[in-house]
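My notes are below, in the order in which I looked things up.

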Amino acid sequence: MGNVTSNVAAKFAFFPPDPPSYDVFKDEDNPTNGETRFVFTGITADKNVDVHLLDTKGGNKIVGTFWKHPFGKLTLLYSHGNAADLGQMKDLFIELRAHLRVNIMSYDYSGYGASTGKPSEFNTYYDIEAVYNCLKNNYGIKQEDMILYGQSVGSGPTLHLASRLPRLRGVVLHSAILSGLRVLYPVKMTFWFDIFKNIDKVQKVTCPVLVIHGTNDDIVDFSHGNDYGNLQKTNTIRCGSKAEVIRTSKVTQNKEIF
């Protein structure tokens with residue numbers, strides 16, 4: 001029963017666009033420092049965008065895009081929702097970079113976009129770990145200057161990483177799920193076969209947490225976002241400062257807030 005339910009939850013969690021909205025290819029004519037440069041279709045020449053193919057512990061190659069702001073001191077590591085890929089999100093990243101004046105690191109999960117493999121809970125964990133290592137090793141970005149942003153299913157890898165990094169600048173949870181099964185059923189406890197056990201991992205997060213959830217969300221019920229706030233009120237979330245919950249009827253699962 002547990003395996004069956006877990007498989008149902010996993011099928012609910014992942015809807016990669018088919019076909020993908022973009023592709024990545026080598027720019028053989030314009031190498032950077034003698035190294036092959038990767039190009040992201042649909043993006044005009046922009047010296048402030050780096051495209052990476054990153055190896056994960058799961059054996060996959062995932063696409064990561066680093067959107068540099070010339071004056072950005074902070075970096076937003078963005079984990080998108082379950083039914084989008086990077087090609088559909090690029091306009092948002094351009095706006096975020098301009099308006100927030102931050103660097104944006106975005107990536108596609110295994111099996112999404114031009115990333116290889118198949119989407120799964122543990123692959124998303126391997127994916128975000130590879131992205132974090134890229135930020136640390138390629139750009140010298142410290143966790144103190146990093147904000148993790150997770151939307152919908154992206155809250156899973158976001159909280160997986162946040163629970164392991166004690167000095168993050170902050171975490172933003174947008175339409176976040178408490179766990180996979182809790183999206184399907186009104187369960188009040190965590191079962192061993194559940195996926196994305198965010199309700200347990202958020203208790204290990206020590207930085208400030210901002211929760212944004214639409215009261216009219218018809219996919220992930222508003223109770224998920226509200227319960228994150230209730231956890232904080234009972235001191236279950238041990239944040240560096242309080243976990244603030246933004247409730248708004250204008251935010252739904254598939255509508256960006258920026």
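**Entry 1: ground rules.** I noted that this is a predicted model, where local features need pLDDT of at least 70, side-chain atom pairs count only at pLDDT 80 or more, and totals for chains, interfaces and linings use all residues. Residues are numbered from 1 along each chain as its sequence is written, and side-chain values use heavy atoms, with hydrogens and water left out.

**Entry 2: the whole chain.** I found seven helices and ten strands. Helices (H or I, at least four residues) and strands (E, at least two) are DSSP runs, numbered from the N terminus. I then looked up burial: 52% of the 258 residues count as buried. Buried means under 20% relative accessible area, exposed over 50%, and partly exposed in between, with a 1.4 Å probe and protein chains only. I also looked up contacts, meaning heavy atoms within 4.5 Å. Among those between residues at least 6 apart in sequence, 68% join residues at least 24 apart.

**Entry 3: strand E4.** Which strands pair with E4? I used the rule that two strands pair if DSSP finds at least two bridges between them. Strand E3 (residues 49-55) pairs with E4 in the antiparallel sense over seven bridges. Asp 50 stands opposite Phe 66 in E4. The hairpin of E3 and E4 has five residues between the strands, and Gly 59 there takes a positive phi near 85°. Strand E6 (residues 103-107) also runs antiparallel to E4, joined by four bridges. In that pairing Trp 67 stands opposite Ile 104 in E6. I checked burial too: six of the seven residues of E4 (residues 61-67) are buried, so the strand is largely enclosed by the rest of the structure.

**Entry 4: helices H3 and H4.** H3 (residues 121-139) packs with H4 (residues 155-162) at an angle of about 60°, their axes 9 Å apart. That makes H3 oblique to H4. Angles under 35 degrees count as roughly parallel, over 145 as roughly antiparallel, 65 to 115 as roughly perpendicular and the rest as oblique. The axes are lines fitted to C-alpha atoms over the stretch in contact, and angles run from 0 to 180 degrees between N-to-C directions. I listed some residues that meet, including Tyr 125 and Ile 128 in H3, and Pro 157 and Leu 161 in H4.

**Entry 5: cysteines.** How many disulfides are there? Counting pairs of cysteine sulfur atoms within 2.5 Å, I got zero. Cys 134 is buried, with a relative accessible area of 4%, and Cys 207 also counts as buried, at 3%.
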